[in-house]
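Please take a moment with the sequence and the fold before reading on, and keep both in view while the paragraphs below move from one part of the chain to another.

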Amino acid sequence: MKVNKKKILFCVSSPFALNYFLMPHILLNSSNYEIHICVNKSLYPIDPRLEKIAKIYNVPIQRQISIIRDLFSLFSLVVIFFKVKPFLVQSITHKAGLLAMIASWICFVPNRWHTFTGQYWANKSGILRNVLKNADRIICFFASKLIADSWSQVVFLKSEKVSYNKKVIVLGDGSIAGVDTERFKPQPQIRQIVRQKLKVSLNHVVFLFVGRLAKEKGVFDLSYAYERLLFLTKKIPESEIWFVGPDDQSFKEQLKAINKNADNRVKFFSETIAPEKYMVAADILCLPSYREGFGSVVIEAAACGIPTIGYKTNGLIDSVVNNRTGILVDYKNINQLSEAMLKLLKNSDMRNRYGCNARKRVLQKFDQNKIINLYHRLILSTN
């Protein structure tokens, strides 16, 4: 006799976030639940494994505000939710959360969960800030459960009076799905292979940025800091900086112009499905991001045994322990950023110690199996 499984519907705007953040949760829960996914298929390729275990619906959710398109996406979600009748809708990302929480409330979905991964409005001002902030308030109003990927984000949501005094929970010590510590780990042989391929000496210190080449990710701050670093370094170990990630806004040429005197020590690589190969080949992750929900790339790099330099912003203060697993400097302080880079460039013992501390912390707090099992038990508790 066939047993009808309960249905979970995941809603996210980008397939990248689907592949990167939700995949481990979906794989774990697919044996007990029927999985459905709403996502904008046109933005990025979907992992083929998901096609085999889930029913996927194309909904053209976009990051930009567009009343007509957003209303169309909302209507599409309502139609899908009425048809599927899930017992749980889980959303991540801002626009998907706004539309999915409204649609699931309209469709009487009993469990409406949203995971906050950072506030897009945190560094905005004026009318735009108020519009985006109120959108998060709407998410909180219609959601039955709120999750954040860092404790500092919980404090921020409460202080900004966004969560309506609703409880916001965090899975363990934070992150969405933790780190696959078998995939992200120190690999000396891969380090040597990658450096040989890129013609980089094993003695050179490599700074690494992984993520979208976007202003709010601090890529311009990092470029100016590296230009200052080159001016300060004379009889100090040679260095390079690698930018790994999509250049959606065509910033690469501007970043190159900032480091025009770097003598080919600034390298750019497009988005990759294997960021770990760059992490094991690098020495220091740099993420001077203006806002982060948590900073998943930080704990991935940490699992590979390298420290992080970043700003003291929400999220990063959870993923980096200052002066233990990396160095955090004041927000938008490019001089301090450059000085932190210089400090770790000159001191290999400090780099190695921070890197070892970072990996130990990941193994203890952010192992993927631990985080996804916490989420799985959360679902089971609703049955």
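This is a predicted model: local features need pLDDT of at least 70, side-chain atom pairs count only at pLDDT 80 or more; totals for chains, interfaces and linings use all residues.

Seven strands form an open sheet in the order S3-S2-S1-S4-S5-S6-S7, and their pairing is parallel. Strand S3 (54–58) and S7 each have a single partner strand, so one side of each is left without a neighbour in the sheet, and these two stand at the edges. On average, with direction ignored, neighbouring strands here are turned by 25° against each other. Within the sheet, strand S1 (residues 7–11) is paired in the parallel sense with strand S2 (residues 34–39) through five bridges, and Phe-10 can be found opposite Ile-37 in S2.

H4 packs on it and touches S1, S4 and S5, with a direction that makes about 160° with that of S4. Helix H5 (residues 126–142), for its part, lies across S5 and strand S6 (145–148), and runs at about 145° to S5.

Most residues other than glycine have a negative phi. Phe-108, although not a glycine, has a positive phi of about 60°, and its place is the loop between helix H4 (94–106) and strand S5 (111–116). Because its relative accessible area is 68%, over the 50% limit, Phe-108 is classed as exposed. Lys-161 also has a positive phi, of about 55°, without being a glycine, and this residue is found in the loop between helix H6 (151–159) and strand S7 (168–170). Lys-161 likewise counts as exposed, because its relative accessibility is 66%.

The next step is to the other sheet. In this open sheet six strands follow the order S10-S9-S8-S11-S12-S13, again with parallel pairing. Its edge strands, strand S10 (266–269) and strand S13 (326–329), pair on one side only, and neighbouring strands are turned by 20° against each other on average when direction is ignored. Strand S12 (residues 308–311) runs parallel to S13 and is joined to it by four bridges, with Thr-308 standing opposite Gly-326 in S13.

Helices lie across this sheet too. Helix H11 (residues 296–303) lies across S8, S11 and S12, at about 175° to S11.

Which residues of the largest nonpolar core touch the most other members? Among its 66 residues, these are Phe-207, Leu-208, Trp-242, Phe-243, Ile-309 and Met-341. Helix H8 (residues 219–232) provides the largest share of this core, seven residues. Another core, of 38 residues, lies apart from the largest one and includes Cys-11, Val-78, Leu-99 and Leu-132. Returning to Ile-309, its contacts beyond four places in sequence include Ile-284, Leu-287, Ile-327, Leu-337 and Met-341.

The structure holds two cavities of 30 Å³ or more, and the largest cavity contains about 60 Å³ of space. Among the residues that line the largest cavity are Leu-22, His-25, Gln-90, Ile-92 and Tyr-375, and helix H1 (15–29) and strand S4 (88–92) each supply at least two residues of that lining. The second largest pocket has a volume of about 330 Å³. Of its 17 lining residues, Arg-191, Cys-304, Gly-305, Ile-306 and Asn-352 are the closest to its centre. Helix H7 (188–197) and helix H14 (348–365) are the elements that give two or more residues to this lining, and H14 contributes its largest share, six residues.

One last residue deserves attention. Pro-246 sits in the loop between S9 and helix H9 (252–258). Is Pro-246 buried or exposed? Pro-246 counts as buried because its relative accessibility is 17%, which is under the 20% limit. Apart from neighbours within four places in sequence, Pro-246 is in contact with Gly-211, Arg-212, Leu-213 and Glu-271.

Key. Residues are numbered from 1 along each chain as its sequence is written. Side-chain values use heavy atoms; hydrogens and water are left out. A nonpolar core is a set of buried Ala, Val, Leu, Ile, Met, Phe, Trp, Tyr and Cys residues joined through side-chain atoms within 4.5 Å. Buried means under 20% relative accessible area, exposed over 50%, partly exposed in between (1.4 Å probe, protein chains only). Contact means heavy atoms within 4.5 Å. Two strands pair if DSSP finds at least two bridges between them. Axes are lines fitted to C-alpha atoms, for helices over the stretch in contact, and angles run from 0 to 180 degrees between N-to-C directions. On a 1 Å grid over the protein atoms alone, a cavity is a set of points where a 1.4 Å probe fits but cannot get out, and a pocket is an open set with protein on both sides within 12 Å along at least five of seven lines; lining residues have an atom within 4 Å of a point. Grid points are joined across faces, edges and corners, and a volume is the space filled by probe spheres set on the points.
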